[in-house]
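Hi everyone, thanks for coming.

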Amino acid sequence: SSSAPPSWLIRFCCVLSSSVHISAALQVRMPTGPRLLDSSSEEDTFLGIAEHVAELLNEGQEVNSQLTDTPGSAFLGECATLLSKQQVEPFLAKMLSQLDMVLSKSSEKDAESVANVLVHTLARIPAAQRPSSVQTFANALTAKVDEHAHIRLGALLNLYGALHESPSVQRRVLLSAVDYARRGPKLAAMLVPAVRGKSGEWISTWKLDESQSRELLVALATLVKVGTDRGSVKEYQRLVGCALELCKEGDAKAIEQVRPLAVQAVAEFVRSTTVFQADWAGSPAVKALDSDPATKPLYTLFSAVLAGNMKDFKSAATAAALEAAGTTLEAATFKACMLALLALCSTAGRQEVTFKAIQAALDVPEDQVENWVVRAIGAKLMEGRIDQVRGVVLVSRSTQRTFGSSEWGNLAAQLASWREALGQVKQTMAGHEGLAATAAAAASATGGKPTAVRA
């Protein structure tokens with residue numbers, strides 16, 4: 001493009017100066033809806049971007065006569081006719097047919113502006129035809145991941161923002177954007193901060209049913225999984241848990257919908273050296289892996305590791321299971337031993353655990369017991385004090401491997417016990433206050449000399 005901006009771009013910047021815009025060079029945030037173009041100038045702007053495309057089509061063309069039609073003049077003539085007849089839907093389709101060419105030949109600024117102007121054509125398309133036009137638009141943007149992918153993603157998010165009055169269509173565009181961003185690490189890095197923690201808000205705002213909620217959660221989890229930072233890992237685990245919790249026993253469709261996520265979650269748990277809690281282990285989608293010959297070895301290994309049963313683990317740690325989990329025998333053994341220690345400590349509660357009990361649970365030599373306890377404390381999986389003289393560990397806290405209905409029941413019982421104890425303390429304090437008041441009254445009646453009051 002020339003150094004001076006084209007006239008259509010100047011018009012666009014004037015009427016759309018407050019429009020939300022996203023690109024790789026700007027902060028990534030979900031747009032809430034760009035301001036519509038001024039109706040008095042939008043048709044000129046639409047024709048202006050058609051002129052820009054026509055110029056690009058004519059590049060390199062030899063014109064022998066001014067009367068000779070060129071690819072650009074033919075294109076512009078057809079676009080002008082469509083706009084004069086208010087046929088905006090075929091105009092948009094025609095423009096989108098040249099999207100790849102616009103991206104490859106235009107400057108980044110011009111390409112982004114063309115895409116943003118096209119987003120505003122949707123307001124001129126009848127509501128009944130708008131969903132199909134949006135789908136066509138999204139398909140054109142997601143057709144390929146190339147050097148202009150960040151512009152494509154930015155246009156998708158602006159398209160998302162323009163559809164705030166059409167929740168169902170907006171949801172489909174968001175899913176397209178999430179799927180597209182998942183196809184490239186740099187794109188994922190752009191989008192993950194914008195979607196992190198938003199799933200609950202979208203589910204509530206769009207009033208999604210369970211199937212739609214699962215679809216959204218699975219898509220977001222797949223995207224967030226690309227990230228390796230701590231925030232992304234935690235968000236991935238949260239999304240996995242939410243998706244798996246939405247599966248009910250006997251709901252074959254739901255189980256199949258989240259099956260890929262269940263397989264990933266189980267393999268990730270066995271492989272991870274930092275995750276020791278799997279609240280979703282009881283999900284029907286996870287349990288269903290046991291009945292599938294393809295996933296049974298992985299599920300059996302997962303169950304043994306989570307239970308902290310070293311005997312079952314050694315039987316389940318086959319070459320096929322370890323390969324499915326993407327881990328080694330040494331790494332899996334470390335994970336199983338740590339969970340065996342947590343299982344033993346959770347059973348003991350705030351009691352003492354003997355070195356012999358730890359040795360038996362982990363199936364390790366006696367001289368390695370202290371090392372395992374130190375590693376668990378260092379990883380903040382438990383808190384306690386080692387008494388070498390007595391050969392015991394005084395456990396004050398340990399991480400729960402799962403936190404389901406039984407754990408909630410135990411917590412409720414513990415809170416009830418604390419409440420009862422606090423009530424007794426309150427009664428005792430009230431009794432002492434009553435005695436003090438009686439003593440003060442007696443002292444006043446005897447001229448200030450205190451009188452002994454029997455409790």
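Let me start with a term: buried means under 20% relative accessible area, exposed means over 50%, and partly exposed is in between, using a 1.4 Å probe and protein chains only. By that rule, Phe269 and Phe302 are both buried; Phe302 counts as buried because its relative accessibility is 2%.

A word on the background. This is a predicted model, where local features need pLDDT of at least 70, side-chain atom pairs count only at pLDDT 80 or more, and totals for chains, interfaces and linings use all residues. Residues are numbered from 1 along each chain as its sequence is written, and side-chain values use heavy atoms, leaving out hydrogens and water.

Now, the rings. Rings of Phe, Tyr and Trp (its six-membered ring) pair if their centres lie within 6.5 Å; planes under 30 degrees apart are stacked, over 60 edge-to-face, and the rest tilted. Searching the whole structure gives seven aromatic pairs. In one of them, Phe269 and Phe302 have ring centres 5.5 Å apart and planes at 80°, so this pair is edge-to-face.

And how do Trp280 and Phe302 pair up? They are stacked, with 5.5 Å from centre to centre and 10° between the planes. Trp280 counts as buried too, because its relative accessibility is 12%. Put together, Phe269, Trp280, Tyr299 and Phe302 form one aromatic cluster.

Finally, charges: one sits over a ring if NZ of Lys or CZ of Arg is within 6 Å of the ring centre and within 35 degrees of the ring normal. The charged end of Lys335 does this over Phe276, 5.2 Å from the ring centre.
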